[in-house]
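I opened the model to go through its sheet and the helices packed on it. These are my notes, in the order I looked things up.

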Amino acid sequence: MTDAEAIALALEEAKSAAGRGEVPVGAVLLGADGATLARDGNRILELKDPTAHAEILVMRTAARALNNERLIDSTLYVSLEPCAMCAGAMAMARVGRLVFAACDPKGGAVLHGPRFFEQPTCHHRPVVEQTEPHAAEAGEILKSFFRARRSWSEPARREAGETK
Ligand code: ZN
């Protein structure tokens, strides 16, 4: 599978997440041999689990499937720049490469905010690539999700953590 094909799958997972009412983020994890180990989208509401980000879910599934807590030389594709929690988990899992589509200046922790992989306390740094051709599409999936949600009541939006 090419990078473009894998990130397209991650975008499909993001759209599926939106269909479940989740913030639309999708991820795909390929093993060292290029085989698809896992694909999933956010399931925070569904699982009532604040850690059920797409990236965490694919790493968990893959680690179980491989019976190995280290995902050495794997590549994680995700529609949005990972947050600090997911970046930390990627370092612990020894993910070899991270490819993401849209930047997240508000919640991202790779190119923004804490820039986790650049910190001296980070002991494993995946190769990081942002895939510009898919950034606009990934951003549009998020924007249309939040646009649709603006019709919700104000308390529901506050509860969902949307500040704007
Ligand atoms: Zn995350």
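How many bridges join strand β4 to β5, and do the two run parallel or antiparallel? I found 4 bridges between β4 (residues 97-102) and β5, and the strands run parallel. Leu-98 stands opposite Val-128 in β5. I took helices (H or I, at least four residues) and strands (E, at least two) as DSSP runs, numbered from the N terminus. Two strands pair if DSSP finds at least two bridges between them.

Entry 2, provenance. I am working on a predicted model, in which local features need pLDDT of at least 70, side-chain atom pairs count only at pLDDT 80 or more, and totals for chains, interfaces and linings use all residues. Residues are numbered from 1 along each chain as its sequence is written.

I read 5 strands in an open sheet, ordered β2-β1-β3-β4-β5, with mixed pairing. The edge strands are β2 and β5 (127-130), each of which pairs on one side only. Neighbouring strands are turned by 15 degrees against each other on average, direction ignored. For angles, axes are lines fitted to C-alpha atoms, for helices over the stretch in contact, and values run from 0 to 180 degrees between N-to-C directions.

I checked β1 (residues 26-30) for burial: 5 of its 5 residues are buried, so the strand is largely enclosed by the rest of the structure. Buried here requires 20 or more other C-beta atoms within 10 Å of the residue's own (exposed is 12 or fewer, partly exposed in between), with C-beta atoms placed from the backbone. Gly-26, Val-28 and Leu-30 point one way, while Ala-27 and Leu-29 point the other way. On one side, 5 bridges join β1 to the antiparallel β2 (residues 36-41), where Val-28 stands opposite Arg-39. The two form a hairpin with 5 residues between them, and Gly-34 in the turn has a positive phi of about 90 degrees. I also counted 4 bridges from β1 to β3 (residues 75-80), again antiparallel, with Leu-29 opposite Leu-76.

I find α1 (residues 3-19) lying across β1, β2, β3 and β4, at about 140 degrees to β1. Helix α5 (residues 132-149) touches β3, β4 and β5, and its direction makes about 60 degrees with that of β4. A contact means C-beta atoms, placed from the backbone, within 7 Å.

I listed Ile-7, Leu-11, Ala-14, Lys-15 and Ala-18 in α1 meeting His-134, Glu-137, Ala-138, Ile-141 and Phe-145 in α5.

Which residues of helix α4 (residues 84-93) are buried? They are Cys-86, Ala-87, Ala-89, Met-90 and Ala-93. They cover an arc of only 160 degrees around the axis, which puts them on the same side of α4; the arc is that of the directions from the helix axis to the C-beta atoms. These buried residues pack against α3 (54-66), β3 and β4. Just after α4, I noted Arg-94 with a positive phi of about 60 degrees.

I placed Leu-57 in helix α3. Leu-57 counts as buried because it has 24 C-beta neighbours inside 10 Å. Not counting residues up to four places away in sequence, Leu-57 touches Asp-40, Arg-43 and Ala-52. The C-alpha atoms of Leu-57 and Arg-43 are separated by 8.4 Å, the two residues being 14 apart along the chain.

Technical notes: Contact = placed C-beta atoms within 7 Å.
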